[in-house]
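Visitor: I would like a close look at one part of this model. Please take me through the salt bridges, and then the contact between the domains.

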Amino acid sequence: MNWLTNFVRPKLRALVHKAELPDNLWVKCPACEQMIFHRDLDANHHVCQHCDHHLRLGAKGRFEMLFDDGAYQRIELPNSIIDPLKFRDRRRYTERLKEAQNRTGEPDAMVVAHGRMGGMAVVIAVLDFSFLGGSMGITVGGALLAAARLAVLQKAPLIVVPASGGARMQEGVLSLMQLPRTIIAVEEVKEAGLPYIVVLSDPTTGGVSASFAMLGDIAIAEPGAIIGFAGARVIEETIREKLPEGFQRAEYLLEHGMVDMVVHRRQLRDTLIRILDLLRSPTPPAGRPAPPQVEPETPARGTGAGNAGARKSRRR
Amino acid sequence: MPNFLDFEKPIVELEAKIEELRHLSDGGDINIADEMIRLKAKVDWMLRQTYEQLDPWQKVQVARHPGRPHFSDYVAALVENFTPLAGDRAYAEDRAMIGGLGRFRGYSVVIIGNEKGADTESRVRHNFGMARPEGYRKARRLMRLADQFGLPVITLVDTSGAYPGIGAEERGQAEAIARCVETCLEIRVPFVSAIIGEGGSGGAIALAAADKVLMLEHAIYSVISPEGCASILWRNGDHAQEAAEALKLTAQNMQSLGIIDAVVSEPLGGAHREPAKAIAAVGEAIEAALHDLKGLDGGVLRARRREKFLKMEGKGLS
């Protein structure tokens, strides 16, 4: 026993650890294949420092990056029915679900938090790809609804950051019903006169893009993100043609008029703050000196004076 | 019968035998006539046996049966003065999605649906019932037209899904579907939807976020095709049959999940055997649903419709 515990086991450990260490500390960029040190990756919000490729960023990273001073409060999400169809493919859905919960420490794919951005109260919901591909089932639908209602309650804008392959197949038609359900959720925000902004990240496809993700008052996309309805493989198999260069990428969508802008993650927070400020503070701040009165050179005619008056009143 | 499904083979063979006997019996042989009556009764019995116990995968086959009545058949039989309206006013006319004004059982309505086509030429013309963004944008335009003039909306859903193509993606397939669902939930007029064949994913819910959703007995409704589901979860499309079981996509499943309001019975042996009967049954069910919604305030209709879809969280399941 002594020889085994004192000699063999440490050797084995050393072997295993040697293989594990680089994996944990270094991440290979999927685009340029260069190695990135984990601290650099975190400091750079998961953007490759070599090629600017935007790697996936989970809920925690998103919140820390977007909220003022990285301070936020998560909200508890409503419980939903688990595995309504008793779904089983090669494995049970409950097993897949548990495994994802254990790995991520989250109950489901959407995480919701509120806090401040540029001093303004905001609610942010992140659909995290690392949880079953960010797929949308009943719990995700309920989470977005909770986020929307919190935004209405706080009179705060709602920002959603989806990364999802689409609807969660294991919940069958009930996941399809989350399309209308989440659309009603964002309608409630819009009807309350609050901004609804979507930051489309890689990937946003299927039932998620065909519902709340494509209905933003403002649609921002992250560089290189795949955004679309059908998967590239399905399209290729249907039409038997090669897909064009950059197809379904954020820049391609911008070119085709489907998003407002493509924003580098480094500028995302500032861009969101600027947009929210423009949408939410439409009048000059109090204390700003009144504009100089311009006297008309010729005596004012009826229409001219009316126009000037209208302009003035709009400023107020 | 030019088209029959694998599991219908014994029935079709028996029917061929009856047909043979009919030719022989032209002489008026009483024994043959008796035999024919006996065989016909057997056919009915076999049809009932088979169709009462269709498994989900067989239902998928029936729902896709080419002889099943399609949108145009329903409109021809149920709608007077049908006046098709074309185009999305932005890019194109999509013939996979048909819609227009017409008179249904006395009501002036807007009726919209997916058309799959009946032969090779018309199937190509209608793109096999798979709409592009223009189709959903047209549907949206027509729903708003109905809203503007206070006309009820009827939709007939029969699509394997939205078309997956380069142009469709470039012109915003996902956005078009999302907006179409949004409009379904916005209008302040009675809205009845019937799933008459395939209710395929986003392409189906785009027309089916309605006050009352009806479904034919052997129609299917699913978040993904069994083939697509199998190729993702089983990593092999050959497992479609298992996927069809797992997805719980039958009309009977839909009713117990609270997704639909009523199942419309099909004639013995499915809608493709007696299309006229199936169409009439759907007509009756739509009329009954419209009657229930008649007279309700537009705001109430809309609020109730939203409440119904907000509650789609699988509660109340056994």
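Visitor: To start, which side chain meets Glu175(B) in a salt bridge?

Guide: The partner is Arg179(B). Keep in mind that this is a predicted model. The N to O distance for the pair is 3.0 Å. Glu175(B) and Arg179(B) both sit in helix H8 of chain B, residues 173-184. They are 4 residues apart there, so about one helical turn separates them. Arg179(B) counts as buried, because its relative accessibility of 19% falls under the 20% cut-off.

Chain B has another pair to look at. Glu274(B) and Lys277(B) form a salt bridge, with their closest N and O atoms 3.6 Å apart. Glu274(B) is partly exposed, at 32% relative accessibility. Lys277(B) is exposed, at 52%. Elsewhere, shared partners link salt bridges into one network. Its members are Arg64(B), Lys116(B), Asp158(B), Glu198(B) and Glu227(B).

Over all chains, the structure holds 42 salt bridges. One of them lies in chain A, where the side chains of Asp202(A) and Arg56(A) meet at 3.3 Å, N to O. Asp202(A) is in the loop between strand S7 (196-200) and helix H8 (206-209) of chain A. Arg56(A) is in the loop between helix H2 (38-43) and helix H3 (59-66) of chain A. The pair therefore ties together parts that are 146 residues apart in sequence. Arg56(A) is partly exposed, with a relative accessible area of 42%.

Now the domains. Chain A is assigned domain 1 (22-55) and domain 2 (56-280). Their contact takes 6 residues from domain 1 of chain A and 8 residues from domain 2 of chain A. The centres of the two domains, taken over C-alpha atoms, are 23 Å apart. About 700 Å² is buried between them, and carbon and sulfur atoms give 54% of that area. On the domain 1 side, His45(A), His54(A) and Leu55(A) supply 72% of the area buried against domain 2, more than any other three residues.

Across this interface there is 1 salt bridge. The side chains of Asp52(A) and Arg266(A) meet in a salt bridge at 3.8 Å, N to O. Between the two domains, 6 residue pairs are in polar contact. The residues on the side of domain 1 that touches domain 2 divide into 2 nonpolar, 3 polar and 1 charged.

How values were computed
Residues numbered from 1 in each chain as written. Chains lettered and ligands numbered in written order. Predicted model: local features only at pLDDT ≥ 70, side-chain atom pairs only at ≥ 80, totals over all residues. Heavy atoms only, no water. Domains from an automatic or database assignment. Contact = heavy atoms within 4.5 Å. Buried area = accessible area lost by both parts, 1.4 Å probe. Salt bridge = Lys/Arg side-chain N within 4 Å of Asp/Glu carboxyl O. Polar contact = N/O pair within 3.5 Å; in protein donor to acceptor, adjacent residues only side chain to side chain. Nonpolar A, V, L, I, M, F, W, Y, C, P; charged D, E, K, R; others polar. Helix = DSSP H or I, 4+ residues; strand = E, 2+ residues; numbered from the N terminus. Buried < 20%, exposed > 50% of the residue type's maximum accessible area, 1.4 Å probe, protein only.
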